Amino acid sequence: MGKLREPLNDIYGANCALPLALEAMGERWSFMILRAAFNGVHHFEEFQQELAIARNILSNRLSKLVDHGIMAREVMAEDRRKVRYELTQKGIELLPAMIALRQWGEKWGAGVPSTPVLVDTSDEQPIGPVTITAHDGRPLGYGELVWKHRSELQPIGQARVRMAPVAAE
């Protein structure tokens with residue numbers, strides 16, 4: 001991916017956000033709780049029942065998700081003993097990452113598509129694969145990516161366009 005590389009020893013996220021994301025989400029139970037939240041689970045007891053997770057682990061992970069702003073915790077007015085957990089906008093924006101991981105697991109883990117299938121509400125057809133796209137929506141492959149320092153970026157329209165190599169005739 002080019003000569004410039006990410007600083008791979010940056011494990012605290014000073015120059016790369018991946019360590020920060022992993023700090024918030026980097027273990028299995030956080031993803032399982034998030035998946036349950038995307039499926040409409042909102043209360044501690046529901047999470048525990050659906051996931052068959054130990055209370056102390058669930059409590060710890062929910063607290064961490066709330067601390068990171070991924071979920072919000074609301075004590076219910078009608079019963080102060082009951083708490084509702086809701087995805088925040090920050091949490092909702094993890095959906096593409098969750099879908100990408102699921103699709104990767106279907107291809108390289110299970111080897112078969114999962115069921116139920118996530119579909120588009122407009123035509124009820126399965127969603128497409130999560131892809132890396134250019135600023136203009138073109139899908140990009142691994143070989144089309146290169147690291148650049150942010151200071152080297154040009155405004156759209158002024159950026160140098162790389163020509164694809166011309167095949168010999």
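Which helix holds Asp67? Asp67 lies in helix H4, which spans residues 55-67.

## Basis of the model

This is a predicted model in which local features need pLDDT of at least 70 and side-chain atom pairs count only at pLDDT 80 or more, while totals for chains, interfaces and linings use all residues. Residues are numbered from 1 along each chain as its sequence is written, and side-chain values use heavy atoms, with hydrogens and water left out.

## Overall architecture

The protein has 6 helices and 4 strands. Helices (H or I, at least four residues) and strands (E, at least two) are DSSP runs, numbered from the N terminus. Along the sequence the pattern is α-α-α-α-β-β-α-α-β-β.

Of the 169 residues, 22% are buried; buried means under 20% relative accessible area, exposed over 50%, and partly exposed in between (1.4 Å probe, protein chains only). The accessible surface is about 13,200 Å², and carbon and sulfur atoms account for 56% of that surface. These areas come from the Shrake-Rupley method with a 1.4 Å probe; for residues, only the protein chains shown count as cover.

Among contacts (heavy atoms within 4.5 Å) between residues at least 6 apart in sequence, 42% join residues at least 24 apart.

Arg61 is found in helix H4. Arg61 counts as buried because its relative accessibility is 19%. Leaving aside residues up to four places away in sequence, Arg61 touches Glu27, Trp29, Ser30 and Ile33.

Asp67 is exposed, because its relative accessible area is 67%. Asp67 and Ala24 are 43 residues apart in sequence, and their C-alpha atoms are 8.8 Å apart in space.
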